[in-house]
Amino acid sequence: KVLVFFKLKARYESAAAWCKKVVRSGAFEYAITSVVVLCVSLVVLDGLTDKHKERIIDSEILSHLNVATVVVFVLEVVLKVCAEGLAPHNYLTDNWNCFDLGVVVISLVVLFGGGDSVAILRLVRLLQVGSLRTRSPS
């Protein structure tokens with residue numbers, strides 16, 4: 001049983017090291033920053049009248065983009081938590097990580113809450129712009 005524990009621990013630490021390498025890479029930061037910029041674009045598109053919006057983008061595509069951005073931010077949180085290895089609580093020691101987690105939780109509530117939550121979704125997207133302050137790819 002002890003041997004199995006150490007094998008699992010070694011695999012977990014290996015996965016954590018990979019996650020840490022990913023989240024610290026410039027490519028990851030560029031990708032997340034690009035998705036935040038996409039979110040700003042979605043806010044602008046959501047603000048257009050339906051008549052103008054239909055000329056620019058199909059509402060179904062817009063809906064899929066909304067879901068895709070939430071999925072990306074959920075994956076970002078998961079990777080950053082996993083990157084902390086055997087101390088995942090360390091993720092919460094960074095105020096911007098707490099902010100990002102809050103935005104992700106609100107996004108998930110809005111996404112699965114149904115109803116007319118466009119105003120809340122716009123606010124959440126604008127909050128994500130605040131996280132750009134910490135995203136400076138090297």
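A polar contact, as I use it here, is a pair of N or O atoms within 3.5 Å; within protein, one must be able to donate a hydrogen and the other to accept it, and residues adjacent in sequence count only if both atoms are side-chain atoms.

**Ground rules.** I am reading a predicted model, where local features need pLDDT of at least 70, side-chain atom pairs count only at pLDDT 80 or more, and totals for chains, interfaces and linings use all residues. Residues are numbered from 1 along each chain as its sequence is written, and side-chain values use heavy atoms, with hydrogens and water left out.

**Entry: T69.** I found T69 in helix 4, residues 59–83 (helices are DSSP runs of H or I, at least four residues, numbered from the N terminus). A polar atom of the T69 side chain lies 2.8 Å from the backbone oxygen of N66. T69 is buried, at 1% relative accessible area (buried is under 20%, exposed over 50%, partly exposed in between, with a 1.4 Å probe and protein chains only).

**Entry: helix 4.** I looked up its other buried residues too; among them are L62, N66, F73 and L79. After helix 4 comes G85, with a positive phi near 65°.

**Entry: cysteines.** I searched the whole structure for disulfides and found zero (the cut-off is a pair of cysteine sulfur atoms within 2.5 Å). For C19, the nearest cysteine sulfur is that of C82, 4.7 Å away. C19 is buried at 7% relative accessibility, whereas C82 is partly exposed at 28%.

Note on methods. Helices (H or I, at least four residues) and strands (E, at least two) are DSSP runs, numbered from the N terminus.
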